[in-house]
Amino acid sequence: MVDMAENIKMTRQRRVILDILDRCETHPSADELYDLVRKKLPKISLATVYRNLDALSEAGLVRKLEFSGCQKRFDKTVLDHYHIRCQACGKIEDLPSEPGRGIERKFLPQTEFEITGHNLELIGICPDCRRKVR
Ligand SMILES: [Zn+2]
Ligand SMILES: [Zn+2]
């Protein structure tokens, strides 16, 4: 990952964005990040935040998460990992277990595709929302 970082110019804006994302556990959307970045760089525009996020994800420094029917979210963890999403509040957390390749082998006989990876998202209700229901 460090090698990749050299292919991208580390502007102050990008450093601030990375720094903020690094301290977020919630996989924020671009809009949420924009609100946080603005506290440090009051003159930055939403379009600039979007552009920088695209550049950072192309450079492999952040991971873009796309789920059907949801806004794009951004992830500071670029290594493969699984997510669990709260169906009530939309919060996304990382799961500690490492993705297994077994699941890809299982599907191999069922497709002519060359399988290069997979995404797995578990869905549930987070502890905060569970407390609210009771
Ligand atoms: Zn929740
Ligand atoms: Zn994640």
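What percentage of the 134 residues of the protein chain count as buried? In this predicted model the figure is 11%, where a residue is buried if 20 or more other C-beta atoms lie within 10 Å of its own, exposed if 12 or fewer, and partly exposed in between, with C-beta atoms placed from the backbone. Because the model is predicted, local features need pLDDT of at least 70 and side-chain atom pairs count only at pLDDT 80 or more, whereas totals for chains, interfaces and linings use all residues. Residues are numbered from 1 along each chain as its sequence is written, and chains are lettered from A and ligands numbered from 1 in the order in which they are written.

The protein chain contains six helices and five strands; these are DSSP runs (helices H or I, at least four residues; strands E, at least two), numbered from the N terminus. Their sequence order is α-α-α-α-β-β-β-β-α-β-α. The C-alpha trace spans about 50 × 45 × 25 Å along its principal axes. Two domains are assigned, domain 1 (2–65) and domain 2 (83–133), with bounds that come from an automatic or database domain assignment. Taken over C-alpha atoms, the domain centres are separated by 24 Å. Among contacts with a separation of 6 or more, 54% join residues 24 or more positions apart; two residues are in contact if their C-beta atoms, placed from the backbone, lie within 7 Å.

In soluble globular proteins, nonpolar side chains tend to be buried together.

The axes of H2 and H4 come within 10 Å and cross at roughly 80 degrees. This makes H2 roughly perpendicular to H4, the class for angles of 65 to 115 degrees; angles under 35 count as roughly parallel, over 145 as roughly antiparallel and the rest as oblique. Axes are lines fitted to C-alpha atoms, for helices over the stretch in contact, and angles run from 0 to 180 degrees between N-to-C directions. Gln13, Arg14, Ile17 and Leu18 of H2 make the contact with Thr48, Val49, Asn52, Leu53 and Leu56 of H4.

Beyond its neighbours within four places in sequence, Phe74 is in contact with Leu21, His27, Pro28, Ala30, Leu33, Leu53, Val62 and Lys64. His27 lies in the loop between H2 and H3 and has a positive phi of about 60 degrees although it is not a glycine. His27 is buried, with 22 other C-beta atoms within 10 Å.

Three strands form an open sheet of mixed pairing in the order E4-E3-E5, two strands being paired if DSSP finds at least two bridges between them. E4 and E5 stand at the edges, each with a single partner strand, so one side of each is left without a neighbour in the sheet. Neighbouring strands are turned by 25 degrees against each other on average, direction ignored. E3 (residues 83–86) and E4 (residues 92–94) run antiparallel and are joined by three bridges. These two strands form a hairpin with five residues between them, and Gly90 in the turn has a positive phi of about 85 degrees. E3 pairs with E5 (residues 121–124) in the parallel sense over four bridges. Arg85 has Ile92 as its bridge partner in E4 and Ile123 in E5, while Ile84 is bridged to Leu122 of E5.
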